[in-house]
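Please take a walk through this model with the structure open beside you.

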Amino acid sequence: MASLSPCSTHAGESLGGRLPAPLQPLAAVAMNLWWSWQPEASALFEAVDPECWERSGHNPVKLLRDVSPVRFEQLSRDAGVVSRAGELARRLEEELARPFGTAGPANSARPVAFLCAEYGLHASLPIYSGGLGVLAGDVLKQASDSGLPMVGVGLFYRRGFFHQRLDRAGWQHEWWSRADPEELPLRLEVDARGAPRLVKVTLRGHPVRAQVWHCQVGRVPLFLLDTDVPGNTPVDRWITSTLYVGDRTFRVMQYAVLAMGGLRALRALGIDPAIVHLNEGHAALAALELARESVRSGVAFERALAEARQRVVFTTHTPVAAGNEHYGQQEILELLGHLPEELGIDQRNFLRLARPPDEDSFGVTELALRTSRSANAVSARHGEVARSMWRNLEVPITHVTNGVHAPSWIAPELQTLLDRWLPPAWRMGDAGAWAAVEGIPDAELWGVRNALRARLVQFVRGKAVSDRLCRGEPIPYAEAAARTFDPQVLTLGFARRVAAYKRLDLLIHDAGRALALLQGKRRLQFIISGKAHPSDEGAKRLVQRIFELKDAAGARGSVAFLEDYDLEIAHQLVAGCDVWINLPRAPLEASGTSGMKAALNGGLNLSVLDGWWPEAYDGSNGWALPVEGAQDEQGQDARDATRLYELLEREVVPAFHERDPAGIPVGWVRRIKASLRMAGARFTTARMMSEYVQSVYTLHDSPS
Ligand SMILES: *Cc1c(COP(=O)(O)O)cnc(C)c1O
């Protein structure tokens with residue numbers, strides 16, 4: 001089917017125009033994000049010009065625009081580079097030619113439309129904030145790998161990713177880099193005459209136009225709506241400027257553009273989705289948009305909505321009450337006041353669809369729950385929490401536990417080892433294939449772990465020096481960062497969004513005890529990273545306290561705070577850390593996926609039994625902190641901190657140092673193998689998406 005196959009890429013063609021003929025295959029590879037989960041592709045782009053590759057932020061489109069013609073001439077005579085480029089482009093073409101399968105009622109003619117406010121596909125495409133976006137990116141990559149007929153829909157933000165800078169006092173400042181479509185793998189959707197295809201959404205009583213960017217993710221297209229077009233008012237052009245903008249009016253307008261504009265864009269492109277998958281509530285207006293179409297063609301609203309509902313499925317991600325947004329009814333009517341009439345209903349019936357049982361407001365999650373045929377949480381634990389949270393609405397809520405895209409998240413060094421020892425089906429999450437982990441010689445697995453830790457230490461040293469220089473620290477102090485951190489030392493990682501419930505500060509709850517750990521006979525080192533929301537002063541104070549720990553007497557050299565947590569830093573950390581720490585206040589972690597990424601790289605989790613961890617932890621594959629039913633938060637924090645220190649002192653540190661004559665920590669490696677098998681067989685998007693196909697996308701007769 002035409003709409004699922006990538007169209008010719010204008011930007012790609014002009015990019016190709018810069019390259020000598022033998023190197024032109026590079027442009028095709030750069031314009032499809034498929035490259036981002038082929039380790040050979042990154043290696044090749046780096047070989048084109050290592051400095052330029054660094055400067056570009058690992059963005060191949062920018063790289064190919066910036067490299068000098070002289071360098072290209074030189075490379076075009078390098079037979080090795082030319083043949084690697086040709087081989088990659090050939091593999092990409094082969095991949096694009098593979099047919100799609102089916103997913104319940106969906107097939108390539110009528111795919112699943114996946115709607116999400118953010119996508120974390122690669123650090124160079126800055127339209128994500130955190131876990132939700134990274135998950136959505138992994139979903140599209142997996143759909144491509146599995147031949148699952150899917151199209152993605154999102155928004156293109158010029159200010160889609162905020163960067164963190166700390167000053168010398170540890171106070172967070174933010175800045176936004178401006179995303180430039182010219183430097184990204186994006187192609188504008190145009191009509192037959194070559195004019196941008198525009199969709200219109202009525203907001204505040206007048207039409208707002210949006211153009212549509214096409215981003216190809218392997219075999220799966222992602223359509224990104226963008227209201228920054230001539231002809232819109234300045235305010236309307238600003239609607240899609242910033243991801244999770246603070247202003248509520250802008251937020252609702254974004255949600256309307258995403259859901260209504262998104263489905264209209266698909267229609268304009270000839271795509272009629274069999275299923276619309278709402279990934280979190282932001283696109284909650286989607287069912288009403290589907291119903292509106294039917295009403296226009298004469299169907300009564302009740303029937304139109306019932307039919308629309310049969311096509312919509314909803315995944316909720318937020319067990320934190322404040323994360324489920326509510327708006328004033330009047331606020332909504334001012335923005336979307338024309339909608340009731342277009343749906344053929346009065347205002348009261350319209351507002352009722354989103355009304356919580358006990359108050360006159362407009363709940364985004366309530367609307368999504370009432371207008372979708374199925375709802376699911378993202379872990380077994382979260383399923384229980386969500387059912388209790390939404391019990392007043394009397395809608396059934398199941399769960400599909402999250403996973404991560406293994407080819408994206410497993411470090412290349414470990415992928416090579418797995419390729420050697422496991423049957424090829426490991427890439428598809430085949431549990432049997434992962435059992436072969438037991439056969440990997442301990443020395444080889446430990447060798448890879450040492451290499452990954454060494455690579456991380458290298459990265460931390462380099463980044464710590466430049467972070468310090470950037471803050472204006474004295475030169476000797478900046479230079480010292482290049483010598484601290486040891487590739488042999490037990491390395492613990494803790495990287496999260498800094499929100500109160502993530503309890504990043506539990507580590508320093510008892511600063512004296514934390515320091516004693518760091519000064520103990522057996523060394524260990526901490527790497528911490530995390531951003532506070534720009535308007536969250538409390539979280540910023542927390543960042544500051546954690547930042548100060550690294551300067552406490554005795555801690556110097558054993559604690560690093562990496563500024564500006566992003567996908568790039570996440571990749572480095574989950575690959576190189578020996579232990580991945582997670583201390584959420586239960587039950588507020590819906591799933592958590594960074595721990596899965598760490599486990600897939602042979603890191604061991606030390607986590608509160610919340611989110612995905614109760615499903616994964618079995619006593620042999622990491623460490624767990626129990627969850628109490630207790631209500632006193634401060635008491636719980638103190639007890640959890642004590643348990644954390646005890647676990648580290650009594651179990652984690654000794655296990656890491658218990659070596660056989662060859663220097664291998666045999667017990668530790670046994671845990672790594674158990675953890676790898678667990679994560680590979682059960683916590684990848686391969687398993688997750690096949691579960692979505694079987695139990696969510698496929699329509700089952702509802703139990704009566
Ligand atoms: C995986 C990932 C997350 C989600 O991690 P949690 O375990 O949910 O905290 C957030 N940010 C980035 C950059 C990630 O890669």
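## From loops to ligand

Arg204 sits in the loop between strand S6 (198–203) and strand S7 (206–217). The model is a predicted one. Arg204 has a positive phi of about 55°, although it is not a glycine. Is Arg204 buried or partly exposed? Its relative accessibility is 39%, so Arg204 counts as partly exposed.

Glu280 also has a positive phi without being a glycine; here the angle is about 80°. Look for Glu280 in the loop between strand S9 (275–279) and helix H11 (286–296). Its relative accessible area is 8%. The cut-off for buried is under 20%, so Glu280 counts as buried.

Now step back to the whole chain. The protein chain is divided into three parts: domain 1 (2–97), domain 2 (112–152 + 159–185 + 276–399) and domain 3 (455–683). The centres of domain 1 and domain 3, taken over C-alpha atoms, are 36 Å apart.

Arg98 lies in the loop between helix H7 (79–97) and strand S1 (112–115). Arg98 is partly exposed, at a relative accessible area of 35%. Follow the chain from Arg98 to Ser144 and you cover 46 residues. In space, the C-alpha atoms of Arg98 and Ser144 are 9.8 Å apart.

Strand S3 (residues 162–166) and strand S4 (residues 172–176) run antiparallel, joined by 5 bridges. Which residue of S4 is the bridge partner of Leu166? That partner is Gln172.

Leu225 belongs to strand S8 (residues 220–226). At 0% relative accessibility, Leu225 counts as buried. Phe250 is 25 residues away from Leu225 along the chain. Their C-alpha atoms are separated by 15 Å.

Thr240 is in the loop between helix H9 (234–238) and helix H10 (248–268). Thr240 is buried, with a relative accessible area of 1%. What does the side chain of Thr240 reach? It reaches the backbone nitrogen of Thr227, at 3.0 Å.

Move on to a parallel pair. Strand S19 (residues 604–608) and strand S20 pair in the parallel sense, over 4 bridges. Leu606 stands opposite Trp623 in S20. In a regular strand, side chains alternate between the two faces of the sheet. Strand S20 (residues 622–625) can be read residue by residue: Gly622 and Ala624 point one way, and Trp623 and Leu625 point the other way. All four of these residues are buried.

Ala586 and Pro587 are joined by a cis peptide bond, with omega about 0°. Pro587 is found in the loop between strand S18 (579–582) and helix H26.

Helix H8 (131–146), helix H25 (567–576) and helix H26 (594–600) each supply at least two residues of the shell around the ligand. There are 14 residues around the ligand. Arg496, Lys502, Thr593, Ser594 and Lys597 come nearest. By class, the shell holds 5 nonpolar, 5 polar and 4 charged residues.

For Lys597, a polar side-chain atom lies 2.6 Å from an oxygen atom of the ligand. For Arg496, an N or O atom of the side chain is 3.0 Å from a ligand oxygen. For Lys502, the distance from a polar side-chain atom to an oxygen atom of the ligand is 3.2 Å. How much of the ligand does the protein bury? Taken alone, the ligand exposes 390 Å², and the protein buries 92% of that.

Why does the ligand lie between domain 2 and domain 3? Because domain 2 (112–152 + 159–185 + 276–399) and domain 3 (455–683) both give residues to the shell around it.

Note on methods. Residues are numbered from 1 along each chain as its sequence is written. This is a predicted model: local features need pLDDT of at least 70, side-chain atom pairs count only at pLDDT 80 or more; totals for chains, interfaces and linings use all residues. Side-chain values use heavy atoms; hydrogens and water are left out. A residue is near a molecule or strand if one of its heavy atoms lies within 4 Å of it. A polar contact is a pair of N or O atoms within 3.5 Å; within protein, one must be able to donate a hydrogen and the other to accept it, and residues adjacent in sequence count only if both atoms are side-chain atoms. Accessible areas come from the Shrake-Rupley method with a 1.4 Å probe; for residues, only the protein chains shown count as cover. Ala, Val, Leu, Ile, Met, Phe, Trp, Tyr, Cys and Pro count as nonpolar, Asp, Glu, Lys and Arg as charged, and the others, Gly among them, as polar. Domain bounds come from an automatic or database domain assignment. Buried means under 20% relative accessible area, exposed over 50%, partly exposed in between (1.4 Å probe, protein chains only). Two strands pair if DSSP finds at least two bridges between them.
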